[in-house]
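Here are some notes on the model, point by point. Please read them with the structure open.

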Amino acid sequence: MIERHESTLDPATETFVAHRNLLFTVAYEMLGSATDAEDVLQETWLRWSGVALDTVLDPRAFLVRITTRQALKRLRTLGRRKESYVGPWLPEPLLTTPDVAEDVELAANVSMAMLLVLETLTPTERAVFVLREVFAVDYDEIAQAVDKTPAAVRQIAHRARAHVAARKPRGTGSPAEHRAALQAFQAAVETGDLQGLLDILAPDVVALSDGGGIKHALPRPVVGADEVARLLAVGWWKRGPERTVEPVQVNGGPGLLIRIGGEIDGVLAVRVENGYVTGAYHVRNPEKLSSVTREITVSRKRPSPRPMR
């Protein structure tokens, strides 16, 4: 039997599918929400499907431009929505594929910690930063996407870069070091080992949780190894035979998927710097957990050339 490798997709669909992971990553980086990123991709597809392909010189640039414009519109709406959000807000977590951790720069940029830093930028600053620093888009292309001049985009990029540099996590570590830290952290959390937690937590560790007013969560950040260790050892982390904890990769880094009675109850993303846990981000809001039932591919790569037919 001869296998057929020819695509049955029409050219517009084939091009969109080839760039889909990249476009999703652009939208997610800008929005911090997988649900909204998927909506942006739907809007992008609707606009792309109506374009005459023979007029498009660079499909990647064209699709990124549409995605950016749609994400900017949604980002401004999200800003108004967050003003009435109940309790601390955290990005919507993703279960990412193992290869993301190998791309250290991409893993850092989709991490929960970095997404929280990006939240401190204006919508236009965030779009410019993401396109330039994460995806290396030319200033001229960015200018078309955000409706600014190239000179203005350069100024915005400089300002956003300095803003992020002053706030982003600085620690480093290999995926193997991250896994080792997560194993020690998980063991201490599951057993309520206070000393074990103190041994793995950085002195200035920060714990945040997001229940969205639906599930119990911390009303404010908890800072410091002593406070966070006691929080994890008692009270916040109720143990029992119905609770299971599974190590997973969350937003390109180490994390834990928590189930109660087999149902997903939350995701705990862990930031590791120089072998110590410096951040714990616990998302319990059910509306933010729809994307943690499967691994999601994030990418900043150009799609591979299509084979000759």
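1. Secondary structure. The chain has 12 helices and 8 strands. Keep in mind that this is a predicted model.

2. Overall dimensions. The radius of gyration is 21 Å. A compact globule of 309 residues would have a value near 19 Å, so the chain agrees with that expectation. Along the principal axes, the C-alpha atoms fill a box of roughly 65 × 60 × 35 Å.

3. Burial and surface. Of the 309 residues, 49% count as buried. The accessible surface of the chain is about 15,300 Å². Carbon and sulfur atoms hold 53% of that surface.

4. Contacts. Consider the contacts in the chain with a separation of 6 or more: 66% of them join residues 24 or more positions apart.

5. Cavity count and volume. How many cavities of 30 Å³ or more does the structure hold? There is 1. The space in the largest cavity is about 50 Å³.

6. Cavity lining. The residues that line the largest cavity are A61, V64, R65, L131, V137, E141 and A145. Two elements, α3 (59-82) and α8 (139-146), each give two or more residues to this lining. The largest share comes from α3, with 3 residues.

7. Which residue classes make up the lining of the largest cavity? The lining divides into 5 nonpolar and 2 charged residues, with no polar ones. R65 and E141 are both in the lining, and both Arg and Glu count as charged.

Key:
Residues numbered from 1 in each chain as written. Predicted model: local features only at pLDDT ≥ 70, side-chain atom pairs only at ≥ 80, totals over all residues. Heavy atoms only, no water. 1 Å grid on protein atoms, 1.4 Å probe; cavity = no way out; pocket = protein on both sides within 12 Å on 5 of 7 lines; lining within 4 Å. Points joined across faces, edges and corners; volume = space filled by probe spheres on them. Helix = DSSP H or I, 4+ residues; strand = E, 2+ residues; numbered from the N terminus. Rg over C-alpha atoms; globule rule 2.2 N^0.38 Å. Buried < 20%, exposed > 50% of the residue type's maximum accessible area, 1.4 Å probe, protein only. Contact = heavy atoms within 4.5 Å. Areas by Shrake-Rupley, 256 points an atom, 1.4 Å probe, with all protein chains shown as cover.
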